[in-house]
Amino acid sequence: MNHPLRKRVVAEATGTALLLAAVVGSGIMGERLAAGNTAIALLANTLATGAALVALILTFGPISGAHLNPAVTLADAWQRGIAWREAPVYILAQLGGAFMGVAAAHLMFGLPLFFASRHERSGGAQVFSEFVATFGLVAVIWGCVRFRSSAVPFAVAAYITAAYWFTASTSFANPAVTLARSASDTFAGIRPVDAPAFVLAQLAGAFTATALLRWLAPSLMKDADAVVVPHGETRDD
């Protein structure tokens, strides 16, 4: 049988928590060490995030697929990679894990558990950046799953590393990440009032990329159970 849902859910929560700990923690460390140089802080944040993504997808991918992202989960459910009834459970695990990761990062650096961000990320350019960031991420996932699934962890990390720098928003590309980062008034934060527009743009980007890749590769649905990494089989022990 496939991995039981409870194990997949724990994998999604744990992986997303570690991802947010890496994103927020490296942002805090980078800002503290950069002595006011925002470019250096962003570079540190970028490298840590990209490295963490490779490790986390390789670790949790064989168990749950390592979606770590509600937009990816919804796209996968649309293509029947996972059952629609499982998608809400995945998403709740990702959201819970994301906030746990933010809390862990704050605790490691002696900050309050949660505190609302005052980092403004508003305007059409920022929102469009999130559409582009998520469109590209989901397109990379579908393209690699279809033609070279073993490359997905590295392709995803490479794309996010690049998108940190070529998008005005620094590529959140993940609704769970966006909402959790609104509870962190640190380098990686986003004002809560700005988060809903980001989430809508991310969902639109994921939908558009999935529709395009389904047209480009009509057999996409048969590969959907390999998003992001093929889940193996195991006994329920």
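Me: What covers the buried residues of H3?

Reply: In this predicted model, where local features need pLDDT of at least 70, side-chain atom pairs count only at pLDDT 80 or more, and totals for chains, interfaces and linings use all residues, the cover of the buried residues of H3 includes helix H4 (87-108), H5, H7 and helix H8 (195-216). Contact here means heavy atoms within 4.5 Å, and helices are DSSP runs (H or I, at least four residues) numbered from the N terminus. Residues are numbered from 1 along each chain as its sequence is written, and side-chain values use heavy atoms, with hydrogens and water left out.

Me: Why is H3 called largely enclosed?

Reply: Of the 9 residues of helix H3 (residues 70-78), 7 are buried, so the helix is largely enclosed by the rest of the structure. Buried means under 20% relative accessible area, exposed over 50%, and partly exposed in between (1.4 Å probe, protein chains only). The buried residues are Pro70, Ala71, Val72, Thr73, Ala75, Asp76 and Ala77.

Me: What makes arginine 118 and aspartate 185 a salt bridge?

Reply: The term requires a side-chain nitrogen of Lys or Arg within 4 Å of a carboxyl oxygen of Asp or Glu, and the side chains of arginine 118 and aspartate 185 meet at 2.7 Å, N to O, so the pair qualifies. Arginine 118 lies in the loop between H4 and H5 and aspartate 185 in the loop between H7 and H8, so the pair ties together parts that are 67 residues apart in sequence.

Me: Why does aspartate 194 count as buried, and how is arginine 191 classed?

Reply: Aspartate 194 has 7% relative accessibility and therefore falls under the limit for buried residues, whereas arginine 191, with a relative accessible area of 25%, is partly exposed. These two residues form a salt bridge, their closest N and O atoms being 2.9 Å apart, and Glu120, Arg191 and Asp194 are linked in a network of salt bridges.

Key
Helices (H or I, at least four residues) and strands (E, at least two) are DSSP runs, numbered from the N terminus.
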